[in-house]
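Here is a short tour of one structure, with a look at its aromatic side chains and at the meeting of its chains. Have the sequence and the model open as you read.

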Amino acid sequence: MTALSTPPATLGETSAPAAHVRDLGARTWVAMPLLALSIYVGARPVPPAPPIGPLIDPVHGLWAITREPLSRGDDEATLAGIHTSVTVHYDTRGVPHITASSEHDAYLALGYVVARDRLFQLELQTRAAAGTLTGLVGARALDLDRRTRSLGMPRAAEIKLAALDSNDAGFRAMVAYAEGVNAWIDDMPASRLPVEFRLLGARPARWHPINSVHLLNEMSRTLSFSDDELRRLTARARVGAAAADALFPFDSPIQEPIQPTGQRSPRFALRRLPPPGVPDESAAELARAVTAAAPRRAISGGFDDAIGSNNWAVSPGRTADGHALLAGDPHLELTLPSIWYEARLSVPGTLDVYGVTIPGAPTIIIGFNRDVAWTFTNTQADVVDYYRERVDDVAVPARYMLDGAWQPLVPRVERYLDPRGRVVAVDTVNYTHRGPLQRRSRGWISMRWTLFEPSGEHGTFIDATHARTVAEWLSGMSGYVAPAQNMLVADRAGTIALRSTGAFPLRPGDGRGDLLRDGSTRASDWTGVWPVATYPQSVDPAQGFLASANQQPIDPAVNATYIGADWYPPWRAMRINQLLRADAAVTPLAMRRYQTDPGSPRADMFVPYFLAAARAAPTGGTVERAARLLAEWDRRYTPENERAVLFEYAMRELSRATWDELRAPDDQTQASGPRPGEMILVELLADSTSVWWDVRGTVEIEQRDVVVRASLERALERLVTDHGEPDSGGWLWSGIQRVNVEHLLGIPAFAAPSVPALGGPSTLSPSSGDGTFGASWRMVVQLGPEIRAWGTYPGGQSGNPFSSRYTDRLATWAKGELDELIVPPRGAMLRADQISSTLTLSPAR
Amino acid sequence: MKRAVRLYRALLLIGAMMLATVALGWWGVLFVAAVYPFIDRRWSVPAEAGFSAAAAWLLLFLANVIIDGPGIVTQVGGAMALAPWALPVLTIVFPAILAWSGAVVAAALQRVLGRPRHVGAPSPAGD
């Protein structure tokens, strides 16, 4: 008899041997499968759950993720790649000030500190751009990866990297940065593995210089991948070519261009819209052909102005202190962690630059050095074209027709691997000399995009950070290709300049890039790109300021050369110019306030039409009540106002009722129809008897005021249904429009939902729709004898959701306030009270 | 006296589980549970292992909550799309099952391997 076969009723007691054996046997049989199951779920992922064991381990797992305090304490590390010691002082805002004796060491240290704070973001963004998300999350990302690779993005990155000279400043910076990221991956304590990796049961991959190229490619996809071709084709399919061209014109009907023309108010170039024509069946077929390559925005016609950006600069002659001022706020998707990371790089005698970088970029993207400040908005240029190709075999093409002869397609095999390295899928993407070939509907379409051109954007950013004047800065940026940006720059000498910079294709014939071209001839190919000297640009204009907000760069009355057609409505541009024209002594504080100004030229434009329509036929009842309520609005999207929501409802109803001709015959929601911009609505409102006002499906022939009144009436009815009576509190703008800052993986617990918005659609701090886009970084710089700057972004420096630095800037951002950036005087160090901790990086011996 | 010894032994086992978790992660629990029956051959050893593993992880979990604040429970649970109580319960139940079943199987293995057994004698701990 053994102790093992002695089942005690209590600890240490014994009982009958036969029962012991029986009980032991049963217990063992129960325990064995339980043990196997425990080990299995402990060690193996059960998708979508990661392995449970390491995840809930209270010492190394989720519970033990390091909570970084505001001051993380001094630290040191030994790095193999650096040549001499690098000091990284974290200031009281959590910004690393990197001081190195060489630029190589500075870029390496930047990689190290960014990886320290944002390692998962580095991994995820790169994989998204490289089409390797399946390697992180498995087959559920296959569709995303396929789309990325079918656009030719990984190949484009390889071509760009291969084209760089090993002495190129950008190349060297990318290599140094990669060393820094990998040094952190090697040094990282287990407790610092980001929570997202733990949740996915994954480990960070090694960082390669090409990842920095992938990153900019992803920015290009976000900012420059538009296809007016599709929108226009879909419209042609519904209402014919003439009407479609009028509904989606190249030129803005309201001209408030980026490049000053001397005008002091917008130029209205309103035309009478031609009536809807006969549907164009061939256009319908082509539209189906390119649909899969198009972003959702273009297909649905939905429009989110909150993705646009603002920048403006004021000459010393119009500022209170006599120093140039510059402001910028790029509007992008708001995520946690933020797209931006704030840092300063200092190499005595060579470089001293402060600003924001995108994790993965080896230098500062937007910011300032001791002499020059700069910021960007997106140019909206048309840099993507589509070509209808003739192939030898529609099912499995190997050649394509070009100038009467078959040319071989260049195949590229794309393998998609899961986290364990197993092949999930294999595709072949074929390339013509223009770019990737895609099967769409019954045909084949190839695509050309400036992204595919060899270029070295990181090198241009690095050149620009060394500039001492606006001229040097513009020169440094001359080689920049994609994504095309409206680059605003100012210097301490008081010069301001704004240039739309990027590769703008020169096209044959009429130069239009808005329609599908014939791919069977080289005569359809781009013939080159615009010379830099012809880029839209201004230096020190007479008006004393420059501004851009994604509107058309040049008034076509000045220069009608085709550069694009996807312009944002000029509402934000109009407001910026209104504010700057009215202020001859601009202060940094005013610049900061302007960034969240709640005024709305859009409301100023449309509200009078609603009020006039209601007055034109006083019927009493709901329409009059709605008009009275709307008239109470000051047309400002302040959080406490209770009328903006009525206007938004009315605009939605008006758009729905007006563009019913573009709706698919079987669609009652207008989800399938391209929707013209609000500038076209302005054109239409000026024509009260246009046939476009007639509502399909009614016997009556409606005219403008009838439709506008009905829209207002329906708006009030729906609003009361949705949010209650006007003064019940449900109409408060702060309760209606909220900002939602989502986590990169969409994990709700790591997001910052429902932050009250400071603006509305098309205000300077725009917020619309689900509130996931907005001002991703706000910066104001005063270029005096010593630079002063203010800035913030909606998030924090740390990518660790459990860190106090994860969202510590969100409250400031939500109030529309900026922090003064901690920039020591030229040649000086940070004061002790400005330093929260120090990281010392020493070279390995 | 008997109670004191039992308490002493339980604390020792909990400490061993904690140290093993620090050193080996979650496998540490299994390691201690598997070794324990070779040291002490009482029938109740698996139950003690399970209880000690649960207690060890509960204490380690509570240490995290004390350091990070109770908000961590909601946040971590939210990250897993689970109710706030679910992950703490899992954190206690998982090591308990792992240790109990590991100890039972180890004890059976020990018997199969035919190690010498002491019959009805007090355990080395003097129980």
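A residue is called buried under 20% relative accessible area, exposed over 50% and partly exposed in between (1.4 Å probe, protein chains only). This is a predicted model, in which local features need pLDDT of at least 70 and side-chain atom pairs count only at pLDDT 80 or more, while totals for chains, interfaces and linings use all residues. Residues are numbered from 1 along each chain as its sequence is written, chains are lettered from A and ligands numbered from 1 in the order written, and side-chain values use heavy atoms, without hydrogens and water.

Let's start with the aromatic rings. Rings of Phe, Tyr and Trp (its six-membered ring) pair if their centres lie within 6.5 Å; planes under 30 degrees apart are stacked, over 60 edge-to-face and the rest tilted. A:Trp374, A:Phe376, A:Phe461, A:Trp473 and A:Tyr480 make up one aromatic cluster. Two of its pairs are set out here:

| Pair | Centre distance | Plane angle and class |
|---|---|---|
| A:Trp374 and A:Trp473 | 5.9 Å | 35 degrees, tilted |
| A:Phe461 and A:Tyr480 | 5.8 Å | 75 degrees, edge-to-face |

A:Trp374 and A:Trp473 are both buried. A:Phe461, at 4% relative accessibility, is buried, and A:Tyr480 is buried at 3%.

Now to the interface. With contact taken as heavy atoms within 4.5 Å, 47 residues of chain B touch 42 residues of chain A.
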